Each structure stands twice: as C-alpha cells, then as structure tokens.
Amino acid sequence: MDKMPVLFRKRIIPEECIELKDDVILRCDENVIVTGWKALHPKKDLTCGYSCYYLRRGIKVSRFIDHGGQLLYWYCDIVDYDWNKDRSVLTVTDLLADVLLYPDGRLKVVDLDELAEALHRGLIDDACIERTLLHLSSLLEIIYSRQFSSLTRPILEIMDPKKQAGT
C-alpha cells in the first residue's frame with residue numbers, strides 16, 4: 001500500500017460509523033493491517049489491545065488486554081471491508097457474529113441474536129447473512145483444527161520484535 005489508510009468502524013446495531021483516529025497502524029500490506037489501540041469505552045478490566053484485519057478473509061482478530069498487561073481474551077469479529085483506494089479509506093463493517101477465545105481454552109460464539117434481528121429489520125440482506133455464516137464457519141474451522149495461532153501471529157510478532165526478526 002502506498003499510503004496508510006484511514007480506518008472507520010461501521011456498526012449495524014447500534015447504527016454508527018466512527019473514524020478510528022486514535023488507532024495506530026503498526027503494519028499494513030495488501031493482506032493484513034495490524035493496529036494498536038486504547039479502548040474507546042474503557043471498562044474495569046479492558047484497557048487496550050491490538051487488532052489484525054485480514055483483508056481477504058472477512059475476519060478481524062483482536063487481543064484484548066487488561067490493566068496489568070495480560071490477555072483477557074481474543075475477540076474475533078466477522079466483518080466486511082469497503083476499501084476506497086482513491087481516498088485511502090478502509091471502512092470495516094461489523095457483521096455482528098463474534099467469537100471469543102479465552103486463555104483457558106473456552107470458546108464462545110456471541111451476538112447471533114443481533115444478526116437475526118438485523119435480518120428481520122431489513123438492515124442486512126440474505127447475501128450478507130450468507131457471507132457472515134461462511135466467514136464464521138471458516139474461522140471456526142481454523143480454531144477447531146488448532147490453527148488459530150496463524151491468525152494471532154502478526155499481533156504477537158508486533159508485541160515481541162525478537163519474533164519478528166526471526167530469533
């Protein structure tokens with residue numbers, strides 16, 4: 001990519017589109033964008049994190065970090081990407097289906113009720129449901145086949161430069 005993109009996060013429920021102006025782009029190429037960020041709405045346990053946008057997979061993987069710098073969980077969003085190359089703007093639409101992976105190995109699929117609500121209210125169409133379910137299925141297959149580390153690697157390499165240098 002010639003120039004760093006401006007990132008926007010678009011939500012369907014609740015409806016909003018905001019610029020992620022405080023996110024820091026740490027890596028950017030045609031396949032992935034890795035960012036570091038502080039929580040938009042800090043919580044008692046969440047302070048910051050990292051996200052890896054897989055531009056060709058419809059997945060965003062985020063490492064949520066607590067106040068002590070420890071992993072709370074991995075948060076995986078199913079997303080659509082709208083890339084305006086002329087303006088160097090990437091809009092990431094959250095398609096509501098999410099997967100949480102906890103350090104103890106527990107897995108939780110969440111917000112499918114919101115996905116159904118969005119379809120019922122006409123906020124998304126059948127093609128969007130199909131894309132969402134296919135991307136969710138692909139993500140779960142990666143997790144169940146014990147290949148999730150392939151999705152976390154870009155973030156972990158940013159966090160530990162020695163790994164990035166190959167040592």
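Visitor: Which residues is K60 in contact with, leaving aside its neighbours within four places in sequence?

Guide: Contact here means heavy atoms within 4.5 Å. By that criterion K60 is in contact with S51, C52, Y53, Y75, C76, D77, V79 and Y81. K60 itself lies in strand 6, residues 59-65; strands (E, at least two residues) and helices (H or I, at least four) are DSSP runs, numbered from the N terminus. Please note that this is a predicted model, in which local features need pLDDT of at least 70 and side-chain atom pairs count only at pLDDT 80 or more, while totals for chains, interfaces and linings use all residues. Residues are numbered from 1 along each chain as its sequence is written, and side-chain values use heavy atoms, with hydrogens and water left out.

Visitor: Is K60 buried or exposed?

Guide: A residue is buried under 20% relative accessible area, exposed over 50%, and partly exposed in between (1.4 Å probe, protein chains only). K60 has 13% relative accessibility and counts as buried. D23, in the loop between strand 2 (16-19) and strand 3 (24-28), is also buried, at 16%. Beyond residues up to four places away in sequence, D23 touches T35, G36, W37 and Y53.

Visitor: How many salt bridges are there?

Guide: A salt bridge is a side-chain nitrogen of Lys or Arg within 4 Å of a carboxyl oxygen of Asp or Glu. The count by this rule is seven. One of them joins D80 and R131, whose closest N and O atoms are 2.7 Å apart. This pair links distant parts of the chain, since D80 is in strand 7 (residues 71-84) and R131 is in helix 2 (residues 126-144), 51 residues apart. R131 is partly exposed, at 33% relative accessibility.

Another salt bridge brings together D104 and R106, at 2.9 Å from N to O. D104 is exposed at 55%, whereas R106 is partly exposed at 48%. E117 and R121 also form a salt bridge, at 2.8 Å.

Visitor: Which residues of helix 2 are buried?

Guide: An α-helix has 3.6 residues a turn, so residues three or four places apart point the same way. In helix 2 the buried residues are C128, I129, T132, L136, L139, L140, I142 and I143. Seen down the axis, these buried residues fall within an arc of 155° (taken from the directions from the helix axis to the C-beta atoms), so they line one face of helix 2. The face turned away from the buried side carries the exposed residues D126, E130, L134 and Y144.

Visitor: What covers the buried residues of helix 2?

Guide: The covering elements include strand 6, strand 7, strand 8 (89-101), strand 9 (107-110), helix 1 (112-120) and helix 3 (149-159). Just after helix 2, R146 takes a positive phi of about 60°.
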